[in-house]
Amino acid sequence: MLDTVTTTTTRSTSTTTAGKPVTRVPTRWSLSGTRGTGPSDGAWWPQSTNLATELADLDVAVYAALGERIAHATYAKDMWKLGPRKIHSPLGTTKVGWFNHARYPENIDLSLTGFTHLVLTVIPPGTAATFAAIVLGDYGTEPAIRADDAPGGLDTWDNEGGNPPANRTAHYGYLYD
């Protein structure tokens with residue numbers, strides 16, 4: 001069970017290529033309450049593919065939630081266009097690097113100033129709001145029961161007999177008291 005949710009919002013103003021000011025929506029992200037136990041610690045749904053603008057907003061949101069800013073960020077080149085090596089936010093400078101190949105190309109790795117490491121799954125900017133809300137919610141709260149998760153669906157496995165009783169734990173297929 002996930003024990004906490006961190007959804008932080010900030011508002012900033014940026015300019016479009018036409019030079020007209022645009023008010024950005026709050027930063028959309030969530031952290032798992034059980035960070036460090038899976039391939040990702042949370043999810044982030046940026047508004048555009050402009051990494052410089054999006055990462056600056058995320059830096060402010062991470063600082064507001066955790067009290068640490070993003071010192072270094074790395075990403076897979078497939079997910080973002082190549083951007084600058086340094087990004088400036090109101091809090092300071094973030095160094096940026098990229099990989100040609102990654103095991104999880106949809107993730108962005110963040111090294112924070114307090115030596116904390118976060119891995120966020122990036123939801124592409126053009127994703128439908130309903131799907132993005134499901135992904136953000138799955139990281140931040142207990143996953144909602146959907147039609148395909150009806151009782152008996154995930155609780156009983158085809159060849160293993162379902163979840164072990166509450167007083168027993170499973171480890172690599174063996175049950176222990």
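## A contact to start from

Thr127 touches Trp45 and Ala132, leaving aside residues up to four places away in sequence; contact here means heavy atoms within 4.5 Å. Thr127 lies in the loop between β9 and α2 (129-140). Helices (H or I, at least four residues) and strands (E, at least two) are DSSP runs, numbered from the N terminus. At 17% relative accessibility, Thr127 counts as buried. Buried means under 20% relative accessible area, exposed means over 50%, and partly exposed lies in between, with a 1.4 Å probe and protein chains only.

A polar atom of the Thr127 side chain is 2.7 Å from the backbone oxygen of Pro124. A polar contact is a pair of N or O atoms within 3.5 Å; within protein, one must be able to donate a hydrogen and the other to accept it, and residues adjacent in sequence count only if both atoms are side-chain atoms. Trp45 has a further neighbour: Arg28 lies over its face, at 3.7 Å from the ring centre. A charge sits over a ring if NZ of Lys or CZ of Arg is within 6 Å of the ring centre and within 35 degrees of the ring normal.

## The model and its overall make-up

This is a predicted model, in which local features need pLDDT of at least 70 and side-chain atom pairs count only at pLDDT 80 or more, while totals for chains, interfaces and linings use all residues. Residues are numbered from 1 along each chain as its sequence is written, and side-chain values use heavy atoms, with hydrogens and water left out.

The protein has two helices and eleven strands. From the N terminus on, the elements run β-β-β-β-α-β-β-β-β-β-α-β-β. Of the 177 residues, 31% count as buried. Among contacts between residues at least 6 apart in sequence, 57% join residues at least 24 apart.

## The seven-stranded sheet

Seven strands form an open sheet with mixed pairing, in the order β3-β4-β9-β8-β5-β7-β6. Its edge strands, β3 (29-31) and β6 (86-89), each pair on one side only. From one strand to the next, the twist averages 25°. Helix α1 (residues 51-66) packs on the sheet and touches β3, β4 (42-44), β5, β6, β7 (92-99), β8 and β9 (117-122); the direction of α1 makes about 55° with that of β6. Axes are lines fitted to C-alpha atoms, for helices over the stretch in contact, and angles run from 0 to 180 degrees between N-to-C directions.

## Pairing within the sheet

Strands of a sheet pair through backbone hydrogen bonds, either parallel or antiparallel. Here, two strands pair if DSSP finds at least two bridges between them. β4 and β9 run parallel and are joined by three bridges, with Trp44 opposite Val122 in β9. Five of the six residues of β9 are buried, which leaves this strand mostly covered.

β8 and β9 pair in the antiparallel sense over five bridges, and the bridge partner of Ser111 in β9 is His117. β5 (residues 70-76) and β8 (residues 107-112) are also antiparallel, over five bridges, and Tyr75 stands opposite Ile108 in β8. β5 pairs with β7 in the parallel sense, over five bridges; Ala76 has Phe99 in β7 as its bridge partner. β6 and β7 are antiparallel over four bridges, with Lys86 bridged to Lys95 in β7. A hairpin through two residues joins β6 to β7.

## A turn with a positive phi

The hairpin of β8 and β9 has four residues between the strands. Phe115 lies in this loop and has a positive phi of about 65° although it is not a glycine. Most residues other than glycine have a negative phi. With a relative accessible area of 81%, Phe115 is exposed.

## Aromatic rings

Two aromatic pairs are found in a search of the whole structure. One of them is formed by Tyr75 and Trp98, with 6.2 Å from centre to centre and 45° between the planes, and is tilted. Rings of Phe, Tyr and Trp (its six-membered ring) pair if their centres lie within 6.5 Å; planes under 30 degrees apart count as stacked, over 60 as edge-to-face and the rest as tilted. The pair links distant parts of the chain, since Tyr75 is in β5 and Trp98 is in β7, 23 residues apart.

Tyr75 counts as buried, at 2% relative accessibility, whereas Trp98 is partly exposed, with a relative accessible area of 27%. The charged end of Arg85 sits over the ring of Trp98, 4.8 Å from its centre.
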